[in-house]
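Hi everyone, thanks for making time for this. I'd like to walk you through one structure, so please have the sequence and the model open while I talk.

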Amino acid sequence: MTDSASRSYSGPGSDPARRLPPVHRVLAEPIWVRPEALAIPPTLRTAAIRQELEALRTRLRAGNDGANPVAEHEIQPDWIAQRAWDRLERGGSQLEVSHPILRPVLNASGVLLHTGLGRAPLAAEAIAAIARTAGTGCDLEFDLVEGRRGERGQRIAALINRLTGAEASLVVNNNAAATILTLGALAKDREVIVSRGQLVEIGGAFRLPEIFEISGARLVEVGTTNKTRLSDYERAITERTAGLLRVHTGNYQIVGFTETVGIAELAELGRSRGIWTIDDIGSGRLNRHLPPGLPQDCEEPTLCGSLQDGADLALCSTDKLLGGPQGGLVVGRADLVERLKRHPLARAFRVDKLTLAALEATLDLIALWGPSAPIPLWRFLSVEPSLIKRSAEALAHAWAAHPGWVVTVEPDRVQVGGGSLPGWELPSWSVVIARERSSSSEVEALAQALRRGTPAVLGRVRRGRLWLNPHGLSESEQVILRDVVAKVAVGDGAELAKPGDSDRHSGFGWTSA
Ligand SMILES: *Cc1c(COP(=O)(O)O)cnc(C)c1O
């Protein structure tokens, strides 16, 4: 409350702020049922209205002597709703701080599968499948023909087996879960042999030696970081050995003098000694053609190839190259998959109906369309760079000329990310926004303002310039991004918040109460 407000405020009985409508009255305005408004979470809508009401309350209590007296139309619900909407559109940074909710982010970072942003955007059909299933019952674990309990994921298993040539399959929460379950069910208190060159850490807490500890299987390391030979595995096999594990080094490469054992050789050794061989391929590349757009000499392993080469089980994530929802896939020998299903951890790691619905829809698209399946990530992988250039140009165009700022369209390279295809980049184009005279703090402030807007935009700042890359955005997301960028330009671009005081201002046109 301002000083003048407290002076003129003389008690609840005469509080002029009582003329304001209640929040629910403003929420009932038709503006909130427009699609773009429905996309905003209810808590944010309510918070924006509350802020608008609070601002009016302060002004009403300041009375007509205040610097900014309130006109009658300003306290009408439709007017307040419009103002709250404008507030949301301009960027809800203060709302965001006080309402920690999952916020949509436009991924202009140049990393197509950004784990921090939830990896693969889903296909429209997968989204529709989630929507169809979410608010109602479904035959998740029920046989409608027989009228009795069925098996979870039975239909999707049939689809996966068809696509991969596997005997059997199981879907769990993610590949980390698939690994723990596999080791726990097939190798508890026994030994599993792994090359020292494949003891991966994937994103913080997933470190292979620790996964072994949790599962109860004993890790036997063989070879060296850069070289492991078949004889190394051979010598390590004892009567305590349950199997051999190959792990794809999805987020790093060992180059130079290296030697690794292929899955075919490894599986042959396993078979000759009566032990299984498991291949953690990581990314969920199905075969050499799926997804499309990968380079010819791409060494990323495939589910089909791994099984054909003799792996007893192959494991992968469904939200990496498969382009589906978060999930883990185990495919291969029926007797082994059966042991996984019977393990108590299978229950702990099982997926819910929404994941199954989305994954089923994604796989259905792949089965129907093959390489031209309309899966967003697959589109990004195979899109012509010239189209990306055009998107970048349209984005640059949206940025209205603003004194002191320079916008260019420049060649760029994007990574697939999410722990797949290390070292491989696709040619791309970005919009690069910079200050005429170098001032990286203003560029940082711009990047931050974009991150804190609604929707949030994640670009990357490199050498004092902001890069916005449209490669990982759908057509409609690109339109939204252009909109955001256009507003940045016409807003208070010159008054960008300095990083230090960002908690008080969002930067763009935030007319604080
Ligand atoms: C990504 C990855 C994992 C972990 O998969 P999540 O689905 O993220 O749990 C495990 N192994 C390999 C080889 C990976 O690339």
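**A walk through the model**

Let's begin in a loop: P291 sits between β10 (276-282) and α13 (303-308). What is the peptide bond from L290 to P291, cis or trans? It is cis, with omega near -5°. As a reminder, most peptide bonds are trans, and most residues other than glycine have a negative phi.

Please keep in mind that this is a predicted model. That applies to the backbone details I'm showing you, too.

Speaking of phi, two residues are worth a click. D189, in the loop between α9 (175-187) and β5 (191-195), has a positive phi of about 60° although it is not a glycine. R463 also has a positive phi, of about 45°, and is not a glycine either. You'll find R463 in the loop between β16 (460-462) and β17 (465-468). With a relative accessibility of 82%, R463 counts as exposed.

Now zoom out. The protein contains 20 helices and 17 strands, and its C-alpha trace spans about 95 × 60 × 40 Å along the principal axes. Of the 513 residues, 51% are buried. If you take the contacts between residues at least 6 apart in sequence, 75% of them join residues at least 24 apart.

A81 belongs to helix α5 (residues 77-90), and at 0% relative accessibility A81 counts as buried. Which residues does A81 touch, once we leave aside its neighbours within four places in sequence? The answer is V26, E29, I31 and W32.

Next, a helix on its own. Helix α18 (residues 385-398) has 14 residues and reaches 20 Å from its first C-alpha to its last, close to the 20 Å expected at 1.5 Å a residue. Its buried residues are I388, S391, A392, L395, A396 and A398. Why do they end up on the same side of α18? Because they cover an arc of only 155° around the axis. The general rule behind this is that an α-helix has 3.6 residues a turn, so residues three or four places apart point the same way. On the other side of α18, R390 and H397 are exposed.

And now a pair of helices. Helix α7 (residues 124-134) packs against helix α16 (residues 353-369) at an angle of about 145°, and their axes are 8 Å apart. The crossing of α7 and α16 is right-handed. On the α7 side, the contact is made by E125, A126, A129, I130, T133 and A134. From α16 come K353, L354, A357, A358, A361, T362 and L365.

Buried or exposed, then, for C298? C298 counts as buried at 14% relative accessibility, and C316 counts as buried at 0%.

That's my tour, and I'm happy to take questions.

Definitions and conventions. Residues numbered from 1 in each chain as written. Predicted model: local features only at pLDDT ≥ 70, side-chain atom pairs only at ≥ 80, totals over all residues. Heavy atoms only, no water. Helix = DSSP H or I, 4+ residues; strand = E, 2+ residues; numbered from the N terminus. Expected span 1.5 Å × (residues − 1). Buried < 20%, exposed > 50% of the residue type's maximum accessible area, 1.4 Å probe, protein only. Arc of directions from axis to C-beta. Axes fitted to C-alpha atoms, helices over the stretch in contact; angles between N-to-C directions. Left-handed = near helix turned anticlockwise from the far one by under 90°. Contact = heavy atoms within 4.5 Å.
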